[in-house]
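Let's take a walk through this one together, stopping at a strand residue and then at some aromatic rings. Have the structure open as you read.

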Amino acid sequence: MSRLAAIAAAALATVALSGCSLLSGLGGQSDAKRDTDTGDVVEGGKASAFEMHLGDCWKDPADAEEVSDIEVVPCSDQHDNEVIGLFDLEDGDYPGRAEAEALAQKGCEGLFSDYVGAAYSESSLEIFPVYPTEASWDNLKDREVVCSVYNADYSPLTKTVRDSRL
């Protein structure tokens, strides 16, 4: 199982037990410092998984079973993932896990080239969409998809992927 698949599986297992998604984690107070004008992380720290921003660079959680906060860092620091887009799924009944995943993947692929500057099919990056679970959809009105990317070879990123053409 890949690094990312293991994290996703553990996070999804937590979702099933806790009734909230990775994005709906009721994380603690953020201690990451952001630029007041741009919102970019200028000093790493914790940020609520529910309050990710476009362009946030973040590290894989050490213990994916207790994800409510994400370690965000400046994109010039070594990191595993970067948020390339956020969007909401259409309101209504929960579409089911497989459909939610497919909608999230398709939506993230649609945002990819605008952020990275290259077509997804030609990229060395992989998409990691985080999408609502049925429990977060019903109980928390969670509709948000967070689109992140990581290096396909799992090597760390050391700068932003924005307009990188990777």
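Start at I127, which you'll find in strand β7 (residues 125–130). In this predicted model, I127 has a relative accessible area of 7%, and because buried means under 20%, it counts as buried. Who does I127 touch? Leaving aside residues up to four places away in sequence, its contacts are Q105, C108, E109, F112, Y120, S148, V149 and Y150. As for A152, it sits 25 residues from I127 in sequence, with the two C-alphas 9.0 Å apart in space.

Now for the rings. Searching the whole structure turns up four aromatic pairs. One of them is Y94 with W137: the ring centres are 5.5 Å apart and the planes meet at 70 degrees, so this pair is edge-to-face, the cut-off for that being over 60 degrees. The pair ties together distant parts of the chain, 43 residues apart: Y94 lies in the loop between β6 (81–88) and α2 (97–116), while W137 belongs to helix α3 (residues 134–140). Both partners are tucked away: Y94 is buried at 16% relative accessible area, and W137 is buried at 1%.

One last stop, back at W137: what sits over its ring? That's the charged end of R143, 3.9 Å from the ring centre.

How values were computed
Residues are numbered from 1 along each chain as its sequence is written. This is a predicted model: local features need pLDDT of at least 70, side-chain atom pairs count only at pLDDT 80 or more; totals for chains, interfaces and linings use all residues. Side-chain values use heavy atoms; hydrogens and water are left out. Rings of Phe, Tyr and Trp (its six-membered ring) pair if their centres lie within 6.5 Å; planes under 30 degrees apart count as stacked, over 60 as edge-to-face and the rest as tilted. Helices (H or I, at least four residues) and strands (E, at least two) are DSSP runs, numbered from the N terminus. Buried means under 20% relative accessible area, exposed over 50%, partly exposed in between (1.4 Å probe, protein chains only). A charge sits over a ring if NZ of Lys or CZ of Arg is within 6 Å of the ring centre and within 35 degrees of the ring normal. Contact means heavy atoms within 4.5 Å.
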